Amino acid sequence: MALSLRDTGLLKTQAYINGQWVDADNGDTFDVVNPASGEVIAKVANVGAAETQRAIEAAEAAMASWKALAAKVRCDILEKWHDLVMENQEDLAMLLTTEQGKTLAEARGEIAYGASYIKWFSEEGKRVYGDILQQTPDRRGLVIKQPVGVVAGITPWNFPNGMITRKVAPALSVGCGFVLKPAAETPLSALALAELAERAGLPAGLFNIVPGLDAPAIGGELTSNPVVKKVTFTGSTPVGKLLMQQCAATAKRTSMELGGNAPVIVFDDADLDKAIQGALAAKYRNSGQTCICANRIMVQAGVYDEFVKRFSQHVDQFQIGDGLQAGTTHGPVITEKAAQGIHEKVQNAVAEGANLLTGGKISDKGTHFYEPTILTNVNRTMRVFKEEIFGPVAPIFKFETEQEAIDMANDTEFGLAAYFYTENMGRIFRVGEGLEYGMVGVNETAISSEVIPFGGVKESGQGREGSKYGLDDYLEIKYLCIGGLTQG
Ligand code: ADP
């Protein structure tokens, strides 16, 4: 299906450096593919380290006057950017579905979600406060906050809009310049955001985009260039660790939003209807490709059979297909390779004794489609327990006691999101405090918004995005000592 946009000016295929749309130095391009059809939808400039270096220099130059503006001036531009994103929601959703695969309804939701961060930080950016410390009679300490410097962002393909705005908006709001490397699978959403930022009046050089296939080259420049003071990354744990190592040489600050292995724990005393709906949404949203997706569903023995029966009745109703087509409830996964990787984890579980209740194979709809899958009789030695599945596969584990559930949930190096369902108040606090996760949903799995501090602990990363804490990652604290106050 051809890409049809109301505003064709939103389909950008060049890099965006210093306010200019430019080709790669060597003229090279890479293909962006619609995962639902396999069609090439665009050829995008394939830039490398040299272009990235120029983008960093542009950001540094542009920052000098940007950070000196009144916060309100910066924030007014962000507000206009937000408005333009929402005015173009339909086109941006169309682009997103076409390059990423999620259903149009989910894509519209992501555009609104992404825009909410721009709006939020257009407000929060005006609320940067300091402190005055009365140390001794003749001196005061002033604690002020200043923009950290040029920020580099590296983002994944699963939320090609939202993962960008929640980094770029706070950075710009406090006066930083930004260089973004979007995922090569989904550069079009990023480039359209830059086009709208320009239309909103963002001065040249503040928001640069360097798309490219050679992630190590672009990432190498972003993490080694001494002008970059901060690297913010959302993606896999191995790549995040590598970037942290690379940043160590110039002691850059980092924020890392890495992998997860979220449990959904359903206790015997849960409201089962709510728990089933919550688990379905948390497992199968974006066809299982979010870092806070339910990875391990754990159900207490007393309600296990009932839960499995009703959960699977819902899954049987899913319609997988092209996200642009009416009636599709679940789109493809991002690549053929991803589908094969998911299948290997399912095969591993089955080989170790899991029961395949439904699904369990690549769909006859195409190589990018994996059938919604449910596994029972699963245990802790299987890959589906230990690894992030990142696909529409629900292993449903059985447990007996509250302590066993907490132990199982914490038995992972990850610590991003966890969820549990219970109607018992004491248990809410015991389990909520016992789970080693950055975010815990109690009787709720739709936990993310611009208002909350999103982020993980353990090997799921560090730093928080959104909320009043989301600015901290882009601010340095400076202490000014004002002495000599009592001398006449
Ligand atoms: P995923 O498995 O979700 O694709 P990755 O961590 O591989 O997660 O990718 C997330 C982002 O990190 C993408 O933009 C990708 O291009 C980028 N990336 C991958 N490897 C590197 C690297 N060595 N240096 C810099 N960026 C990288």
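Where does the ligand sit? Select it: the ligand sits in the largest pocket. "Sits in" means that more than half of its atoms lie within 2 Å of the pocket's grid points.

This is a predicted model: local features need pLDDT of at least 70, side-chain atom pairs count only at pLDDT 80 or more, and totals for chains, interfaces and linings use all residues. Residues are numbered from 1 along each chain as its sequence is written, and side-chain values use heavy atoms, without hydrogens or water.

**Around the ligand**

Select the shell next. It has 16 residues; the closest are T155, W157, K181, F233 and S236.

Zoom in on oxygen atoms of the ligand. A backbone N or O atom of T155 is 2.7 Å from one. A polar side-chain atom of W157 is 3.1 Å from one. For a polar side-chain atom of S236, the distance is 2.6 Å. Alone, the ligand exposes 540 Å², and the protein buries 77% of that (Shrake-Rupley method, 1.4 Å probe).

Now colour α7 (215-224), β10 (228-234) and α8 (237-248). Each supplies at least two shell residues.

**The pocket**

Show the largest pocket. A pocket is an open set of points on a 1 Å grid over the protein atoms alone, where a 1.4 Å probe fits, with protein on both sides within 12 Å along at least five of seven lines. About 1300 Å³ of space lies in this one. Of its 44 lining residues (an atom within 4 Å of a point), the closest to its centre are W157, E185, G235, S236 and V239.

Like α7, β10 and α8, α11 supplies at least two lining residues.

Note on methods:
A residue is near a molecule or strand if one of its heavy atoms lies within 4 Å of it. A polar contact is a pair of N or O atoms within 3.5 Å; within protein, one must be able to donate a hydrogen and the other to accept it, and residues adjacent in sequence count only if both atoms are side-chain atoms. Helices (H or I, at least four residues) and strands (E, at least two) are DSSP runs, numbered from the N terminus. Grid points are joined across faces, edges and corners, and a volume is the space filled by probe spheres set on the points.
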